[in-house]
Amino acid sequence: MQEKIDQYTAEINAFSPSNTDELEAFRIKFLGTKGIIKDLFEQFKSVGPEEKRVLGKVLNQFKQLAETSYNERKESFGPVSETQGSVLDLTLPGQGFNLGSRHPLSLTRNEIIDIFKRLGFVVAEGPEIEDDWHNFSALNFPQEHPARDMQDTFFVKKNNGGDDIALRTHTSSVQVRMMENGKPPFRAIMPGRVYRNEAISARAHCFFHQVEGLYVDENVSFADLKQTLYHFVQELYGEGTKVRFRPSYFPFTEPSAEMDISCTICGGSGCNMCKYTGWVEILGCGMVDPNVLENCHIDSKKYTGFAFGMGIERITNLKYVIKDLRLFSENDVRFLKQFQTEII
Ligand code: DAH
């Protein structure tokens with residue numbers, strides 16, 4: 001046995017594999033489950049006790065030699081992955097998850113919703129494909145009234161030739177749905193996408209987003225409207241932002257107004273965002289026209305209400321100084337990732 005061991009030792013010491021296949025053959029030959037070492041240990045069981053003491057030590061040393069030789073040679077081929085021989089370094093840092101970011105319009109919409117929720121408003125939604133009644137007639141736009149031209153409408157052709165279906169031009173249609181389907185008081189905001197037949201440019205788009213607001217109850221006054229919107233602006237753009245109301249016209253409100261705020265960029269001293277006036281318009285508003293209440297079966301002698309509507313794009317432009325509307329819908333990651341927010 002000793003002789004054999006000496007012979008194998010010489011073989012092991014001389015072993016110099018030129019590839020991993022040869023190394024593997026070496027492992028199987030000496031260290032495998034049916035290998036030489038296993039065999040030697042089997043034979044060892046039947047030697048006499050005298051011999052065992054000497055041979056045991058020799059055998060163990062031989063086994064160790066085979067193992068270290070194998071490991072050393074293996075290392076000389078470099079770390080090898082189980083599968084394809086590629087380098088696998090488990091100490092390298094992992095690849096981080098690429099977190100997305102919220103769209104700036106979603107950030108603004110969520111902020112608007114949060115502010116009004118704190119004032120007790122609920123959120124309501126309605127369909128983007130609307131009929132003439134909800135988008136126009138119930139809102140006091142008479143047939144053939146020029147006010148309908150204020151909003152260039154995409155009509156949807158029906159199979160039966162009717163043309164009273166359209167993509168909604170504003171979220172005011174949701175007011176009607178809400179009032180038709182419930183009983184006052186109403187206190188809701190209605191965010192959503194709207195469509196207008198406009199050529200796409202830096203300042204106009206064929207679709208954009210609005211938030212509509214509605215408050216109907218007994219004794220609601222224009223003072224309530226002013227106070228609510230004043231509070232909203234302080235929350236959104238910071239304390240000290242000034243507001244002013246200019247008389248205006250909308251078929252569904254009487255009286256109607258447009259609300260301006262002191263320019264958020266220059267603080268009112270004049271810049272190109274406010275066209276050097278110090279003021280920027282952010283929304284339309286007014287007292288709900290009694291005709292609209294009656295169209296929705298609400299007693300206009302008992303109830304009054306205010307409504308307002310704003311464009312989310314406009315509010316966002318002022319917040320982040322974005323001057324081209326097209327950026328919102330082009331999905332350019334270089335633009336979108338500037339709004340990286342913590343996602344919870
Ligand atoms: N619907 C109007 C628009 O799209 C915005 C608006 C103005 C909504 C006055 C209102 C309002 O509720 O009272 O231009």
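In what order do the strands of the open sheet of 7 strands stand? The legends below take up this sheet, then a second sheet, then the ligand site. The model is predicted.

**View 1. The open sheet of 7 strands.** The order is β1-β5-β6-β10-β9-β8-β7. Pairing in this sheet is mixed. The edges belong to β1 (122–123) and β7 (243–250). Each of these two has a single partner strand, so one of its sides has no neighbour in the sheet. Strands of a sheet pair through backbone hydrogen bonds, in a parallel or an antiparallel way.

**View 2. The β6 and β10 pair.** β6 and β10 run antiparallel. They are joined by 8 bridges. Within this pairing, Leu214 stands opposite Ala307 of β10. Ala307 also faces the ligand: one of its backbone N or O atoms is 3.2 Å from a ligand oxygen atom.

**View 3. The open sheet of 3 strands.** Here the order is β2-β4-β3, and the pairing is antiparallel. β2 (129–131) and β3 (155–156) are the edge strands, and each pairs on one side only. β2 is linked to β4 (residues 165–167) by 3 bridges.

**View 4. The residues around the ligand.** Which residues come nearest to the ligand? Of the 16 residues around it, they are His170, Ser172, Arg196, Gln210 and Glu212. By class, the shell holds 9 polar, 5 nonpolar and 2 charged residues.

View 5. For Gln175, a polar side-chain atom lies at 3.4 Å. For Ala307, the atom is a backbone N or O, at 3.2 Å. For Phe308, a backbone N or O atom lies at 3.3 Å. The ligand exposes 360 Å² when taken alone, and the protein buries 91% of that area.

**View 6. The pocket and the elements around the ligand.** The ligand takes up the space of the largest pocket. Which elements give two or more residues to the shell around the ligand? They are the following:

- helix α7 (172–180)
- strand β6 (207–217)
- strand β9 (279–288)
- strand β10 (304–311)

The strands β6, β10 and β9 follow one another in the order of the 7-strand sheet.

How values were computed
Residues are numbered from 1 along each chain as its sequence is written. This is a predicted model: local features need pLDDT of at least 70, side-chain atom pairs count only at pLDDT 80 or more; totals for chains, interfaces and linings use all residues. Side-chain values use heavy atoms; hydrogens and water are left out. A residue is near a molecule or strand if one of its heavy atoms lies within 4 Å of it. A polar contact is a pair of N or O atoms within 3.5 Å; within protein, one must be able to donate a hydrogen and the other to accept it, and residues adjacent in sequence count only if both atoms are side-chain atoms. Accessible areas come from the Shrake-Rupley method with a 1.4 Å probe; for residues, only the protein chains shown count as cover. On a 1 Å grid over the protein atoms alone, a cavity is a set of points where a 1.4 Å probe fits but cannot get out, and a pocket is an open set with protein on both sides within 12 Å along at least five of seven lines; lining residues have an atom within 4 Å of a point. A molecule sits in a cavity or pocket if more than half of its atoms lie within 2 Å of its grid points. Helices (H or I, at least four residues) and strands (E, at least two) are DSSP runs, numbered from the N terminus. Ala, Val, Leu, Ile, Met, Phe, Trp, Tyr, Cys and Pro count as nonpolar, Asp, Glu, Lys and Arg as charged, and the others, Gly among them, as polar. Two strands pair if DSSP finds at least two bridges between them.
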